[in-house]
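Please look through the model below before reading the points.

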Amino acid sequence: MGFSSKNTGVGCHALLQRIFLTKGSNLGILHCRQILYHLSHLELTYMSTGKWKNKERILIFSSRGINFRTRHLMQDLRMLMPHSKADTKMDRKDKLFVINEVCEMKNCNKCIYFEAKKKQDLYMWLSNSPHGPSAKFLVQNIHTLAELKMTGNCLKGSRPLLSFDPVFDELPHYALLKELLIQIFSTPRYHPKSQPFVDHVFTFTILDNRIWFRNFQIIEEDAALVEIGPRFVLNLIKIFQGSFGGPTLYENPHYQSPNMHRRVIRSITAAKYREKQQVKDVQKLRKKEPKTILPHDPTADVFVTPAEEKPVEIQWVKPEPKVDLKARKKRIYKRQRKMKQKMSSGNAK
């Protein structure tokens, strides 16, 4: 059974009424409604007979200064998403709005941009170019396909299933992120570079106010799951109305910047060091203090028993001297040596 090619937007309005139960007077909610309607109107998946109609193209690239782990993660995402395109690294001095022009030149309407800072912090931008919305995440706990503990495997170019946590349907900002993730990570049907098989699943789980991404292989025999990789955690920072900027629709109150996290760790270690130094100073002061002499306790000697006195024996006879065997042997050896010398001198005469 197919759908009509014209999008009336009825399903989108029903989705909006289910997500946003407040009145339409809130401007932020109105912006979210417009964005969700725009996304649903543009990216409606058509059930067609072998025709490629969902022209989703994802641009995946990064800024300069990324490390080897980020580079491997970016290559893994390109391998798993046949509808993605690559580009050269962008200079860190350029503004982020330039990415919209790069997407337009590459004929891409979605973008995954990895931004590296201080050669140790990695940020990920998910954007719907050029109208928005866009979301900025802090990427943590990265594990790539090359790690040996990822024993799963899947066909290159196969289409994945997308599994979302039920929390995505409870809060408005998670519902917006769910729509954005579906349009970015789902491979379009009948894409020229895709395979007509479904043998792996992308899972998006919310735990500890973070989004956990994992990729599993679906084993046909018993429908068991074996992890393929990559694996990473997205810590949401902000959601913007525009692409790589614009008014802020949502800001995560639980987010802590990496600089602040490192500062807290340093302060904890410094507090431990100061505590140890204070203990050492107290011990030194105690050693310098004069010792207080306690008065004699008269009851301390109550249970003390005096030792028995032994009788003194007086020896009237001089004890015999002890024989030193070593000295006696030396004297015998010297005597024999002198005798041999006399005998040898007499024979010589």
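Predicted model: local features only at pLDDT ≥ 70, side-chain atom pairs only at ≥ 80, totals over all residues.

1. The positions discussed here are computed.

2. The second largest pocket holds about 380 Å³ of space. Its lining is made up of 21 residues, and those closest to the pocket centre are Gln120, Asp121, Leu122, Val139 and Gln140.

3. Which elements supply at least two residues each to this lining? They are the helices α3 (68-80) and α6 (258-288), together with the strands β3 (110-117), β4 (121-128) and β5 (134-143). Strand β5 gives the most, with 5 residues.

4. By residue type, the lining of the second largest pocket has 9 polar, 7 nonpolar and 5 charged residues.

5. How many salt bridges are there in the model? The count comes to 8. Three of these pairs are taken up in the next points.

6. Arg262 and Asp121 form a salt bridge, with 3.1 Å between the closest N and O atoms. Because Arg262 belongs to helix α6 and Asp121 to strand β4, the pair ties together parts that lie 141 residues apart in sequence.

7. Asp121 has 9% relative accessibility, so Asp121 counts as buried. Arg262 has 23%, so Arg262 counts as partly exposed.

8. Glu56 and Lys110 also meet through their side chains in a salt bridge, at 3.5 Å from N to O. This pair links distant parts of the chain: Glu56 sits in the loop between α2 (27-42) and β1 (58-62), Lys110 sits in strand β3, and 54 residues separate them. Are these two residues buried or exposed? Both Glu56 and Lys110 are buried.

9. A further salt bridge joins the side chains of Arg231 and Glu227, with an N to O distance of 2.8 Å. Through salt bridges that share partners, Arg214, Glu227 and Arg231 form one network. Within it, Glu227 counts as buried because its relative accessibility is 11%, while Arg231, at 22%, counts as partly exposed.

Conventions: Residues numbered from 1 in each chain as written. Heavy atoms only, no water. 1 Å grid on protein atoms, 1.4 Å probe; cavity = no way out; pocket = protein on both sides within 12 Å on 5 of 7 lines; lining within 4 Å. Points joined across faces, edges and corners; volume = space filled by probe spheres on them. Helix = DSSP H or I, 4+ residues; strand = E, 2+ residues; numbered from the N terminus. Nonpolar A, V, L, I, M, F, W, Y, C, P; charged D, E, K, R; others polar. Salt bridge = Lys/Arg side-chain N within 4 Å of Asp/Glu carboxyl O. Buried < 20%, exposed > 50% of the residue type's maximum accessible area, 1.4 Å probe, protein only.
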